[in-house]
Amino acid sequence: MVANILRLFQIPQISYASTAPELSDDRRYDFFSRVVPPDSFQAQAMVDIVKAMGWNYVSTVASEGSYGEKGVDAFMQLSREAGGICIAQSLKIPHDHKPSDFDKIIRLLLDTRYARAVILFASDEDIRGILNASKRADQVGHFLWIGSDSWGAKNSPIHQLEDTAVGAITILPKRATISGFDAYFTSRTLENNRRNVWFAEYWEENFNCKLMSSSKKDESSRKCTGQERIGIDSKYEQEGKVQFVIDAVYAMAHALHSMQRDLCPENSGICPEMDLAGGKKLLKYIRSVSFNGSAGTAVTFNRNGDAPGRYDLFQYQWSNVTGPGYRVIGQWTETLQLNMEDMQWPRGEQDIPSSVCSLPCKAGERKKVVKGMPCCWHCEACDGYQYQPDEFNCKLCPYNMRPNANRTSCQPIPIIKLEWHSPWAVIPVFLAMLGIIATIFVMATFVRYNDTPIVRASGRELSYVLLTGIFLCYIITFLMIAKPDVGVCAFRRIFLGLGMCISYAALLTKTNRIYRIFEQGKKSVTAPRLISPTSQLAITSSLISVQLLGVLIWFGVDPPNTIIDYDEQKTINPDLARGVLKCDITDLQIICSLGYSILLMVTCTVYAIKTRGVPENFNEAKPIGFTMYTTCIVWLAFIPIFFGTAQSAEKLYIQTTTLTISMNLSASVALGLLYMPKVYVIIFHPELNVQKRKRSFKAVVTAATMSSRLSHKASDRPNGEAKTELCENVDPNS
C-alpha cells in the first residue's frame, strides 16, 4: 500500500548526493527536517560532551544564517538550563566574509585564552577559514574544536589543515550507507531522470558545464554534452543524509496510508474526506507513524514532532601507524557514551586539556564568584580556625575544635598536660625527691637522737612540726605534676599552702618566743607567758587552723573540678593549638592560697630582724634570720616570673615549674640552714652533743643582756664579735 501511495502522489525518486548544491530553505520538505534529529538534540549532545570534559568556559562561533545561529542559540539555551557552563564569547561569521574577518575572530577568541573549547556551527568554507586563521596566528593546538554535523566526518573542511584539526571532536547523526542507492544514482542521466526538476541544475554544478541558455553558469563555461557520467566524470560519495530523505518520504507515505485507511476504508484511493482533512489532521498521522527505516532503525516522532536523536561522535586524530583520520570515540542516544581512553589531544597532552575561566580552588580555599560570571571566581584561603563547609564559604570551628589538614571539617583540639617525662617536670621532681630523702633522713636522725642536748635545745616539738611542713612542701611537687582529676585538684588546694603555712607558723612561733624572752628580760627577770612547748604547739596549731579554715570555705564556695583551657595555648597556627587539662584554680586563687603563708613568712622575717642581735648560739635566732632572708629573695623572684608568663604559650610549664621549684628551694633553705648543721654535729661530732651545765632563766637572760650590750662595743674587739660563751649549751626549757 505504501508503494502505491508513493506512485499515487508521484513522489519523485530520491536524488540527493554529496556533490548536490545547497537548496534554499523554501525548497526543502519540512518532514525531512523532522526526520533528521533537530538542532536541540545536537546541541544537547555538545553540552553533554562539554560537561563530560569538565569544561565550563567555552566560546561559540556560528555562520550567519539559520543553521549556525539556531544551533548556537540552542546550545546556549541548553547550557544555561544545565548550569555550570559559561559562554566566554559568541561570535558570528558574516556571509560576505573576508580572510581578515577570520583573523579578527581568532584575535577575539584569544582575548579569553582560558576558554580553549570552541563550539562550531559553521559551513565547510567557514570551518576552513577559522582553521586557516588559527594557523596564521600560530595557535595550532591551542583551541579545542567541537564541530556540529556540518563538519561531521568530512575531509573537505580540513584538507591541508590536518594539523590544526587534531583533537577536534565532531558530531554526526547516526546513519548507514543505503545499499543500492549508489548503483541507482550513478545510473541517472538527463534522459532517464527528467521528472526531477532540479536534476539539470545538479548536472551543471557536478560537471561544471553549461546546459541551457537560462543557466546561471558563466558564458565561458563549456557546454554539457549529456554523455557525462556520475562517479566517472566527477567525484561521487553518497551523502550521509540519504537515509533521512528516504525515511522522510516513507514517513509521509505511512501517514497517508494510515489516514486513507481510517477515512476511506471503502475506497482504494483518495476520498472526499481526505481532501477535506487539512494539514493539522495529516500532521497528527505523521507524528503517529512508527516503522523500521531504511537503515533498520525505528522511525518515530516525539511529542514535539522530532525524531529521536542518535549521533556518532568522532575525533580527528594523528596516528603514526594509520596516519590522520577520524576515529569514533562514542555515541549519543539521549545520553552520552564516551570512551575517554580512546581520545587524543593536540600538543601531545596526556590529560584532558582544561577550558575553564578559573582553576579549581585548593582545599581550604573558598570561591569568590565574579559578578555576572558564575564560572569565574577568585580563591580566598580560609585562615586561622576557619574551615570550609561548602565551596563558597568559610566558617569558624567550635571553641574546642580546629580545622583538619585540608580544612574541610573540624576536629578536636588535642588535650595536653604536664607529663612526668617533660624537662619542665623532671627538674622539680628530682629536687623534690632529694628534699624528701634529706627530710626523712633529718627526721630519722632527730628521732634516733631525740634526747640528746642538741635536739632538745632545738625545741623538739616545733622541730618536728617544721620538718612536717618542709616534707609537705616537697610533696606538693608531685601533686602539681600529677594528671588533674577531682581528687588531685582537692589535694592541691589543701597542700598548696599548707606545707608553707606549717613551716612558717612554726618558725614564727620560734622567733616570736625568742623576741618576747629577750624583750621581757630587759624589763624583769620574770619569764614571759606562753613559752612552754605545749603553748608553742597551741600557737602554731592556731596559726595553721586559719589556713585550713580558708581552704574549707574555698571548698564550699567553689568545689574542686577539672577544666580544659583552650585559651592558654590557642596559637595563631591552629596546628599548634592545644587544650590544657588543668584544675579549676586561677592564678589569683593560687596567690590567695599562698598569701597567708607569705604573710606568716614576712612576719617571721620581721621578728628575725628584731632578734638579729641575740647571741648566735641561742635558740637558732640567726639561722632563722638567714633562712627568712633567703626565702624572701626566692619568693620575690617567684612573683614576677609567675605573673610575667601569664600570656606565654608555655604558661602551664613555666608557672608549674616556677611554683614547685620555689617551694622546693624554700624548704631546702630551711632544711639546710636550720637542721643540717645539727645533723652534722650529731653524726660526725658526737663529742659536742653534750650538756655542759644548766642555768636558770634569770642567768640566761642576764647573760644574753650582757652579750647584747657587748655587741654594741664590737669595734673594740679584734674580729668585731662579742663573746657569747656564757650562752652555750643553755637549756631553753629550764
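Colleague: Which residues is R229 in contact with, leaving aside its neighbours within four places in sequence?

Modeller: This is a predicted model, and in it R229 touches T189, F207 and S234. Each of these counts as a contact because heavy atoms lie within 4.5 Å.

Colleague: Where does R229 sit, and how far is R229 from S187 in sequence and in space?

Modeller: R229 is in the loop between α9 (199-207) and α10 (242-263). From S187 it is 42 residues away in sequence, while the C-alpha to C-alpha separation is 7.7 Å.

Colleague: Why is R229 called partly exposed?

Modeller: Its relative accessible area is 28%. Buried would need under 20% and exposed over 50%, so R229 falls in between and is partly exposed.

Colleague: What makes C592 exposed, then?

Modeller: C592 has a relative accessible area of 53%. The cut-off is over 50%, so C592 is exposed.

Colleague: And why does C473 count as buried?

Modeller: C473 has 3% relative accessibility. That is under 20%, so the label is buried. Across the protein, buried residues make up 47% of the 734 residues.

Colleague: Let's turn to disulfides. How many does the structure hold, and how do you know that C86 and C375 form one?

Modeller: There are 8 disulfides. For C86 and C375 the sulfur atoms are 2.1 Å apart, and the criterion is within 2.5 Å, so the pair qualifies. The link has 85° about the S-S bond and is right-handed. It joins distant parts of the chain, with C86 in strand β2 (residues 86-93) and C375 in strand β12 (residues 373-381), 289 residues apart. Both cysteines are buried.

Colleague: What does the disulfide of C357 and C376 tie together?

Modeller: The S to S distance there is 1.8 Å, and with 110° about the S-S bond the link is right-handed. C357 lies in the loop between β10 (335-338) and β11 (365-370), whereas C376 is in strand β12, so parts 19 residues apart in sequence are tied together. C376 has 7% relative accessibility, which is under 20%, so C376 counts as buried.

Colleague: Why is the disulfide of C397 and C410 called left-handed?

Modeller: Its torsion about the S-S bond is about -90°, so the disulfide is left-handed. The sulfur atoms of C397 and C410 are 2.0 Å apart. C397 is in the loop between β14 (393-396) and β15 (401-403), and C410 is in strand β16 (residues 410-412), 13 residues apart. At 10% relative accessibility, C397 is under the 20% cut-off and therefore buried.

Terms used: Residues are numbered from 1 along each chain as its sequence is written. This is a predicted model: local features need pLDDT of at least 70, side-chain atom pairs count only at pLDDT 80 or more; totals for chains, interfaces and linings use all residues. Side-chain values use heavy atoms; hydrogens and water are left out. Helices (H or I, at least four residues) and strands (E, at least two) are DSSP runs, numbered from the N terminus. Buried means under 20% relative accessible area, exposed over 50%, partly exposed in between (1.4 Å probe, protein chains only).
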